Amino acid sequence: MTTLVALLVGTLVATGFYLLLGKSLVRQIIGLSLLSHAAHITILLSAGLRGGVPVISATRGPMTDPLPQALILTAIVISFGVTAFLLALGYRMHLFGGEEKHGKEKRDDR
């Protein structure tokens with residue numbers, strides 16, 4: 001299971017970097033999102049989710065530490081905000097003609 005998740009993280013990181021190095025802003029935003037998801041899965045995997053749910057009255061014995069899950073939830077909210085900001089910024093760039101068309105840069109002949 002751990003090997004499969006590690007392969008998933010590696011695939012997400014490779015795809016994220018590939019998209020991040022492109023010229024299109026939408027691809028860069030998607031690449032940044034994939035990298036953040038890879039980081040979330042890495043944190044979750046490194047936390048070691050063995051044990052019961054962290055509600056004291058529900059289980060007896062070892063419980064899972066809820067701190068990595070809280071950190072991931074906070075990181076998901078922050079990455080969602082950053083993605084929304086970047087999409088709004090890309091939309092504004094599209095409105096004012098700042099984004100390149102079809103991978104080619106606009107030439108300014110002035």
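**Helices, burial and contacts**

Modeller: Helix 3 has 29 residues and reaches 42 Å from its first C-alpha to its last, close to the 42 Å expected at 1.5 Å a residue. The structure is a predicted model, in which local features need pLDDT of at least 70, side-chain atom pairs count only at pLDDT 80 or more, and totals for chains, interfaces and linings use all residues. Residues are numbered from 1 along each chain as its sequence is written, and side-chain values use heavy atoms, leaving out hydrogens and water.

Colleague: How do you know that the span of helix 2 agrees with its number of residues?

Modeller: The expected span is 1.5 Å times one less than the number of residues. For the 23 residues of helix 2 (residues 25-47) this gives 33 Å, and the end C-alpha atoms are 33 Å apart, so the two values agree. Helix 2 is followed by Gly48, which has a positive phi near 70°. Just after helix 3, Gly97 likewise has a positive phi, of about 75°.

Colleague: What makes the pattern of the chain α-α-α?

Modeller: Helices are DSSP runs of H or I with at least four residues, strands are runs of E with at least two, and both are numbered from the N terminus. The chain has three helices and zero strands, and reading along the sequence gives α-α-α.

Colleague: Why is Gly31 called buried?

Modeller: Buried means under 20% relative accessible area, exposed means over 50%, and partly exposed lies in between (1.4 Å probe, protein chains only). Gly31 has a relative accessible area of 0%, and is therefore buried. This residue belongs to helix 2. Leaving aside residues up to four places away in sequence, Gly31 touches Gly16, Leu19 and Leu20, where contact means heavy atoms within 4.5 Å. From Gly31 to Leu19 the C-alpha distance is 4.8 Å, although 12 residues separate the pair in sequence.

Colleague: Why is His40 placed in the buried class?

Modeller: The relative accessible area of His40 is 8%, so His40 is buried. His40 is another residue of helix 2. Apart from residues up to four places away in sequence, His40 touches Ile72, Ala75, Ile76 and Ser79.

Colleague: Which other residues of helix 2 are buried, and what covers them?

Modeller: The buried residues of helix 2 are Leu25, Ile29, Gly31, Leu34, Leu35, Ser36, Ala38 and His40. Their cover includes helix 1 (2-20) and helix 3 (67-95). In helix 3, the buried residues are Pro68, Ile72, Ser79 and Gly90, and these pack against helix 2. Over the chain, buried residues make up 17% of the 110 residues.

Colleague: Why is Phe80 called exposed, and why is Gly10 called partly exposed?

Modeller: Phe80 has a relative accessible area of 64%, so Phe80 is exposed. Its place is in helix 3. Phe80 and Ser36 are 44 residues apart in sequence, with 9.8 Å between their C-alpha atoms. For Gly10 the relative accessible area is 38%, so Gly10 is partly exposed. Gly10 is found in helix 1, with its C-alpha 9.9 Å from that of Thr42, 32 residues away in sequence.

Colleague: What makes up the largest nonpolar core?

Modeller: A nonpolar core is a set of buried Ala, Val, Leu, Ile, Met, Phe, Trp, Tyr and Cys residues joined through side-chain atoms within 4.5 Å. The largest such core has five residues: Val9, Leu12, Leu19, Leu34 and Ala38. Helix 1 and helix 2 are the elements that give two or more residues to this core, and the largest share, three residues, comes from helix 1.

Colleague: What makes the nonpolar surface patch?

Modeller: Patches need residues with over 30% relative accessible area and no salt bridge; like charges are joined within 9 Å, and nonpolar side chains (Val, Leu, Ile, Met, Phe, Trp, Tyr) within 5 Å. A salt bridge is a side-chain nitrogen of Lys or Arg within 4 Å of a carboxyl oxygen of Asp or Glu. Leu32, Ile78 and Val82 make a nonpolar patch of about 240 Å². Leu32, which lies in helix 2, is partly exposed at a relative accessible area of 38%.

Colleague: How much of the accessible surface belongs to carbon and sulfur atoms?

Modeller: Carbon and sulfur atoms account for 68% of the accessible surface of the chain, which comes to about 8500 Å². Accessible areas come from the Shrake-Rupley method with a 1.4 Å probe, and for residues only the protein chains shown count as cover.
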